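Let us read a structure together, one feature at a time.

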Amino acid sequence: MKKFLIPLSLLILLSTVFSIFANERSPIEILSNAWDAEGKISFVATETSGMYMKGRLNLTVSKVFALATGKFRREYLFPSFLAGDLLIDDGRNSYYYQPTKNLVTVGPSLYDPPHRDIHSKLLELIVKNYDITSQPDKFLGRDVTKVYISPKNSRNVLLVFWVDNQTNLILKRERYSPDGKLQEYSFYTDIDFNSVPNERLFIWIKPRKDFRIVERRERFISLEENRKRDTILVNLSPLQERGYECISIKEVPGGIAYHFSDGINNIMFFDLYDLPPMPPSVRKITTDGIRYSYWQFDGMSGFAWTYNRKNFLIIGVIERDIIEKIIKRLK
Amino acid sequence: MRCNEVKRLLSAYFDGELPIDKSIKVKEHLKSCRSCAIELENIEKIHRLMGAFPILEVGPYFESQIIDRIEKESKRRKFSFGLKLAIGFAICGLMLFLMIFRDLPSEDINLKPTPVLNTYIQEYMETYSGHIGRNNPGLIVSVSSLGESSR
Amino acid sequence: MEEKEELLVERAKKGDVLAFSELVKRYERYVLNLVYRTLGRAEDAEDIAQETFVKAFLNIKKFKGESKFSTWLSKIAINLCMDKVREKSNREENLEEGVWLTIPQSSYYSPEETVERLEIQEKIKNAVSRLPEDLRMVFILREFEDLSYQEISEMLNIPIGTVESRLHRARMKLKSLLKDLKTIEEVTEKSEV
């Protein structure tokens, strides 16, 4: 009996130690690998996504196909006004076809370099500004690691990701508001990692009937290029103090848009040739001699002002006093 | 009891609201009448179906908006000085509490953005779903209560 | 921090907004859904639900504890709904509105089943919304609030006989509205969440 016990207990000890080390990836690594794996795994699944807006839950159910070479296809199933809509991302362009509107919206691919860049910067900022923890879990019978992202010094979780241990695919995700209410979620069911979708599925084929095309071209300005003209906007200290960084700059109709983020919260800062007309219901506030328009709508705030023949518009979830600091700073 | 009378009483029978004597008579009738029994089954099935009725979830700012509205309404009404003071302190306390632990949003306006403004709001909305609604323009479309989406 | 409701109400009567907000948290979902079902549409539901609480706070001194607090809230909510309904008579039923659902726990359904379940929910909601207001009101209070005929009659200020006949008509109408939902049997099996 003893002869049997010693090697057995040794085996148990070894396997325990081994499993501890095998799972020794840090939460940051796990999130990073998951983030990275996007567009690099082939699979077919059903995706259910929900987003809360003004108390309403808006839900979509769609069939998704992904290729490890950075291609993606989504066929909408639900609700009825989306059923039949189709999205194809072939790695260079994205095509969103809405048959009921006879409309195709063509834009850049989510896997092209500028977007991959933004995606990885978001991750860097999350690591910098937030706490990341993890714990093992199961989802749909698969072993996953549940990754939690919360503000430093707070236990209120803002983002949760369920990362598949085997493939690193994010199987489920949830986003919460700072006061703990669920705001968005998305999860896959019916996942098939074994069948590789046919390449044909990711080729955009023009429909037989008449349709319109809307082009959404994005012209990104690199930070170096921007440095020649303007460094002030990129380095706004009231934002930097709160962990925000400018992660992309691009041309938009009417001016330039600076995308600031702290990894989770986003602010769009527009430097415009002309201020757009404001709806009459906005408030007008004066600070330090500068008059600005202000609105708040479902958690999003907007601020618009003109100073010295420069026109600025800021949209995001941000407090008024920070914006007032920015306005004064740009005087 | 005859069928047409029983059929009229079936709803109340199902709800347990019939007096005992009528209830017994209905029960007796149901034992031998297939068509009335089916009617009762239908009422039961409708009842079960209501279990699948959609349930609304409360939005994130529901409670704070109520407090806002209470504050505004309270201001409009006439109070005795002492009462005014008491409510004022309670609200200040609440606002302080909320300011420390949560941002108290000022009143939402009914924003009907002009088309140009809407394009900028759309730009912002795209960053919004960076983590969750990736590659899901349909979700943004369905959520877009801010005027015609160009996506 | 489970404070007793009576205590919260007492404090709210003295103007304690913090105590009242605790009551709001406890009943917000309840009131919202009561308003949603009574109105028969999602638009305005949150607005009227909020109005209910505002009105409750401003009139809370009138609440003497003779009924449950939730019952008192329900009366306020229903009255506000009736006002709203009278205001907007003959409104085009907008069936294209976004879908309103609980968070689906359905991690284990096939895509066809998921879509089907959601469609069933939508159909049920639409059928109930199609009931005329007076029938719908009684139906909601019976099926969702579990009120007795006596309680419904008090709440709506109508005779018990009227409650009974309206309920009966509501059920008959729903039977025909939901007839095309395959057989009701298959549907109830599939709709069990």
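Q: In chain C, what share of the contacts with a separation of 6 or more joins residues 24 or more positions apart?
A: Two residues are in contact if their C-beta atoms, placed from the backbone, lie within 7 Å. In chain C, residues 24 or more positions apart account for 60% of the contacts with a separation of 6 or more. This is a predicted model: local features need pLDDT of at least 70, side-chain atom pairs count only at pLDDT 80 or more, and totals for chains, interfaces and linings use all residues. Residues are numbered from 1 along each chain as its sequence is written, and chains are lettered from A and ligands numbered from 1 in the order in which they are written.

Q: How many helices and strands does chain C have?
A: Helices (H or I, at least four residues) and strands (E, at least two) are DSSP runs, numbered from the N terminus. Chain C has nine helices and zero strands. Along the sequence its pattern is α-α-α-α-α-α-α-α-α.

Q: What percentage of chain C is buried?
A: Count the other C-beta atoms within 10 Å of a residue's own: 20 or more means buried, 12 or fewer means exposed, and in between means partly exposed, with C-beta atoms placed from the backbone. Buried residues make up 40% of the 193 residues in chain C.

Q: Which residues have the most contacts inside the largest nonpolar core?
A: A nonpolar core is a set of buried Ala, Val, Leu, Ile, Met, Phe, Trp, Tyr and Cys residues joined through C-beta atoms within 7 Å. The largest has 72 residues, and those with the most contacts inside it are Phe161(A), Val163(A), Phe269(A), Phe270(A), Leu313(A) and Ile314(A). Another core, of 58 residues, lies apart from it, with Val58(B) and Ile78(C) among its members. Now take Ile314(A). Leaving aside neighbours within four places in sequence, Ile314(A) is in contact with Ile267(A), Phe269(A), Gly302(A), Phe303(A) and Ile323(A).

Q: What is the strand order in the open sheet of chain A?
A: Two strands pair if DSSP finds at least two bridges between them. The open sheet has 12 strands in the order 7-8-9-10-11-1-2-3-4-5-6-12, with mixed pairing. Strand 7 and strand 12 (212-215) of chain A stand at the edges with a single partner strand each, so one side of each has no neighbour in the sheet. The twist averages 20 degrees from one strand to the next; axes are lines fitted to C-alpha atoms, for helices over the stretch in contact, and angles run from 0 to 180 degrees between N-to-C directions.

Q: How do strand 1 and strand 2 of chain A run, parallel or antiparallel?
A: They run antiparallel, joined by 11 bridges. One pair to find: Glu47(A) has Ser62(A) as its bridge partner in strand 2 of chain A.

Q: Where does helix 2 of chain A lie?
A: Helix 2 (residues 27-37) of chain A lies across strand 7, strand 8, strand 9 and strand 10 of chain A, at about 75 degrees to strand 7. Strand 10 of chain A is mostly covered, with six of its seven residues buried.

Q: Which residue in the turn between strand 9 and strand 10 of chain A has a positive phi?
A: Asn168(A) does, with a phi of about 70 degrees, in a hairpin with five residues between the strands. Asn168(A) is partly exposed, with 19 other C-beta atoms within 10 Å. Five antiparallel bridges join strand 9 to strand 10 of chain A, and Phe161(A) has Arg173(A) as bridge partner.

Q: Which peptide bond is cis?
A: The bond from Phe78(A) to Pro79(A) is cis, with omega near 0 degrees. Pro79(A) sits in the loop between strand 3 (71-78) and strand 4 (86-89) of chain A.
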